[in-house]
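Dear colleague,

Please find below the structure that I am handing over to you, followed by some notes on what was found in it.

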Amino acid sequence: MTSLTLNSLALAASHMSTAETVGFWILAPIALLGALGVIFARSAVHAGLLLGLVMLSLGVVYGVQDAQFLMFVQLIVYAGAVMSLFLFVLMLVGIDSSDSLVETLRAQRPLALLLGLGFAVLLVAGIADATTGTTSAGLEEANADGNVLGLAKLLFTRYVFAFELTSALLITAALGAMVLTHREKIGPKLTQKMMMQERVRGGRPSPLPGPGVFARSNAVGTPALLPDGTAASESVSPSVAQTLAGRGVESVVGRHPATIDAQPAPVEPESFEAESFQPETFEAEPFEWAPSSPESPPEPEPATTEEDA
Amino acid sequence: MSPDWWLYLSAALFSVGAAGVLLRRNAIVVFMCVELMLNAVNLTLVTFSRINGDLDGQIIAFFVMVVAAAEVVVGLAIIVTIFRTRRTASLDEANLLKY
């Protein structure tokens, strides 16, 4: 390649092509708005999905900038693995774990915004000062054999020691995650026989009522109704109740599970004297005479036991 | 337009990430903002690689990605461990060392 063509190539590469300019004005607003959405989204899941959008658009940016290998690494490692790990941990921790609105430091939020803005101004001024008059060389020469081959030549010659060290880093990280999340077993492993005995002696040998039985809808958040018209609070799983409470869902599927014990269920008007069949009277009787005759076989208790206390 | 515009974009993304680290209280969202800052730096490195005409910047960006992957694994494991013992993912709640 003659120096003339190299010069013209460098001159052509010092400016963005029209396609790249169009790409910039499409991708930069998407990335910037996505990043702003990450820090202003109320829900952590929304923040995670918006961060995935930012990572996807950055992957396209790498492709635009002649970094094809990094584009696919970005898409696979960041947008694929890291983001799914983030969302997995979010679901594990619970989507209701949103930010607390209690200010522990006075005026922290405006100060943080001010610091971010000032930092942006500082960076932009620094970049503008440093890059005036520079020309971009472009990667046409370095990518002559292809981007992957050029990277591999560097990675396995000049950077081979750092490359080998990353293997130690990855193994250490995997081991560290295993050690950190390891939980020691306390007590013996429950066998099927032990679980059976515990269930028979625990006062409720029958299965818990399913959600939505005889209720207006059969969603999992709707409690089943007892024969007297009151709601069986044990028919709603605690995790469902917690999730609904975290979302602030009050009345999509009947009533809020946390208020089941407080209010009786909306029963049909012709259901007779629901007051006389309050569950407290059910509970009191077996509690009275069960300890007096311990040698008798274990009595099945009525539906409302100490689990909803 | 010159490729410097990508640098401005990455500066903006980095600043947004830094503001998010200071603003948010949820540990996972703060961690996401740290990832955003790492991505912004990667964009800077890729643009530098193009401006300089060699592939060293892309190699360094590749190493940053490897380190970030390892960091995400360990950091999320720490968050899960703290959540398991203290039942919270809020940064304000982890204050035992204060007293």
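**Surface patch and interface**

Val22(A), Ile26(A), Ile30(A) and Leu53(A) make a nonpolar surface patch of about 320 Å² (patches are made of residues with over 30% relative accessible area and no salt bridge, like charges being joined within 9 Å and nonpolar side chains, that is Val, Leu, Ile, Met, Phe, Trp and Tyr, within 5 Å; accessible areas come from the Shrake-Rupley method with a 1.4 Å probe, and for residues only the protein chains shown count as cover). Helix H2 (residues 18–40) of chain A gives the most to this patch, with three residues, and Val22(A) is found in that helix (helices are DSSP runs of H or I with at least four residues, strands are runs of E with at least two, and both are numbered from the N terminus).

Please note that this is a predicted model, in which local features need pLDDT of at least 70 and side-chain atom pairs count only at pLDDT 80 or more, whereas totals for chains, interfaces and linings use all residues. Residues are numbered from 1 along each chain as its sequence is written, chains are lettered from A and ligands numbered from 1 in the order in which they are written, and side-chain values use heavy atoms, with hydrogens and water left out.

As for the interface, 67 residues of chain B are in contact with 90 residues of chain A (heavy atoms within 4.5 Å).

The structure holds four salt bridges over all chains (a side-chain nitrogen of Lys or Arg within 4 Å of a carboxyl oxygen of Asp or Glu), and the count between chain B and chain A is two. In one salt bridge the side chains of Asp56(B) and Arg158(A) meet at 2.8 Å, N to O. Arg50(B) and Glu20(A) also meet through their side chains in a salt bridge, at 2.7 Å, N to O, and this pair crosses between chains, from helix H2 of chain B to helix H2 of chain A.

With kind regards
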